[in-house]
Amino acid sequence: MNTKLRNTIICILVLSITISSCGSNQLSEDTQFVAIAAGADHTCALTSAGGVKCWGDNTYGQLGDGTTSNRTTPVDVKGLEVGVSFISAGFGHTCALTKDGGVKCWGNNYDGELGDGTTTQRLTPVDVNGMTSGVSAIALGSSYTCALTSTGGVKCWGWRNTYAEGNDDPTTKRLVPVDVNGLTSGISAIAAGTAHTCVLTSDGGVKCWGSNGEGQLGDGTTINRATPVDVSGLTSRVSSIAANGYYTCALTSKGSVRCWGINLAGQLGNGTTTNQTTPIDVSGLTNGVTAITAGGTYTCALTSNGKVMCWGNNTQGQLGNGTIDQQIKPTDVSGLSSGIIAITAGDLHACALTLDGIVKCWGSNFLGQLGDGTIIQRFAPVDVNP
């Protein structure tokens, strides 16, 4: 075995038990990251100790540090130094899933997206009503939130004037969680876009609902749907889903990627800029993909060998290939040809998590969302300051 690889593996094994010296690049529990989530213009990461750190735009208190000051390097989310298992970020709010299965949210709450029964902005985390346990996953849209329960049901809350919550009355703010019609069991994952939501069923199928003006629901129409509908041709063999803006993507069990919805920037990756109301294959990604993430108007994929590829809009360098040229097919992210274990995409920036627990980000940085201590736009990945 390669000596460097062997030392890395030993270091990881040691970290699973305790933090000890393992070479000059060893990070502490407080700064080694195990998960990442990008909102519109802010980013958050989960530490190996179960704490949450965030950076970037803080207009609505979405960084959770008790202020509304933007941050160019990570700051602790107050009260969440330990005990968190998952994080998700939206336009102006952020939520965390605790190890006990509870949900806490903070930031913008104009439409009730924090689920605490009010419309009061919160600068630090608050409990979501009725969700102190029994939740297994969360997904954040622009101004609404959804949760997957441990029994496979879906509940949503927040944004009015949309069908994204999956109930028959789109005109009323939901300040606390409500059931999504027809989804009380059998769901294994959720994803949220600007005003549409999708779920992965336990059978490997995909269902979507909400706004559909660009075909983002994938049912072959542009008709808004108040309740979930099947995505055409994806009734089985899907392993994960991603949504953002007005489009959606799915990763199949064989490692291929299919996308649908708006395609003006080439974010569907099929070599065109034509909208699609049903899923189409992403060029060159017919196998070997292990994860996908959807940005505002661009998409990224992680391959089985730890390489990152992106496509679509690139005006802020969010494709990470050293240019600002739009790409309608997947292109390699500079310097990320191996060693990456997770990816996430915001509106105009993206981040990747390395095997060593380091976060690297690229793209727009005018609000500090890259976390490198500057507000300088980056066309290729830079390390987030620990």
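Helices (H or I, at least four residues) and strands (E, at least two) are DSSP runs, numbered from the N terminus. Colour by these elements to begin: the protein chain has one helix and 28 strands. The model is predicted, so local features need pLDDT of at least 70 and side-chain atom pairs count only at pLDDT 80 or more, while totals for chains, interfaces and linings use all residues. Residues are numbered from 1 along each chain as its sequence is written, and side-chain values use heavy atoms, with hydrogens and water left out.

Next, colour by relative accessible area. Buried means under 20%, exposed over 50%, and partly exposed in between (1.4 Å probe, protein chains only). Of the 386 residues in the protein chain, 55% are buried. Contact means heavy atoms within 4.5 Å. Among contacts in the protein chain with a separation of 6 or more, 50% are between residues 24 or more positions apart.

**Stop 1: the core**

Select Val-257, Leu-285, Val-289 and Ile-292. These have the most contacts inside the largest nonpolar core, which has 17 residues. A nonpolar core is a set of buried Ala, Val, Leu, Ile, Met, Phe, Trp, Tyr and Cys residues joined through side-chain atoms within 4.5 Å. Two or more core residues come from each of strand S18 (247-252), strand S19 (257-261), strand S21 (289-294) and strand S23 (308-312). Now centre on Val-289: apart from neighbours within four places in sequence, Val-289 is in contact with Leu-251, Gly-255, Val-257, Ala-301, Leu-302 and Thr-303.

**Stop 2: the rings**

How many aromatic pairs does a search of the whole structure find? It finds two. Rings of Phe, Tyr and Trp (its six-membered ring) pair if their centres lie within 6.5 Å; planes under 30 degrees apart count as stacked, over 60 as edge-to-face and the rest as tilted.

Select Phe-33 and Trp-55. Their ring centres are 6.4 Å apart and their planes are at 40°, so this pair is tilted. Phe-33 is buried at 4% relative accessible area, and Trp-55 is buried at 0%.Then select Tyr-60 and Phe-91, a tilted aromatic pair with 6.2 Å centre to centre and 50° between the planes. Tyr-60 lies in the loop between S3 and strand S4 (71-76), and Phe-91 in the loop between strand S5 (84-89) and strand S6 (93-98). Both count as partly exposed, Tyr-60 at 26% relative accessibility and Phe-91 at 38%.

**Stop 3: a loop residue**

Go to Leu-80, in the loop between S4 and S5. Leu-80 is buried, with a relative accessible area of 4%. Apart from neighbours within four places in sequence, Leu-80 is in contact with Gly-50, Gly-51, Val-52, Ala-96, Lys-104, Trp-106 and Pro-125.

**Stop 4**

Finish with Phe-86, Ser-88, Ile-241, Thr-293 and Thr-344, the closest to the centre of the largest pocket among its 43 lining residues. The volume of this pocket is about 980 Å³. On a 1 Å grid over the protein atoms alone, a pocket is an open set of points where a 1.4 Å probe fits, with protein on both sides within 12 Å along at least five of seven lines; lining residues have an atom within 4 Å of a point. S17 gives the most to this lining, with six residues.

Methods: Grid points are joined across faces, edges and corners, and a volume is the space filled by probe spheres set on the points.
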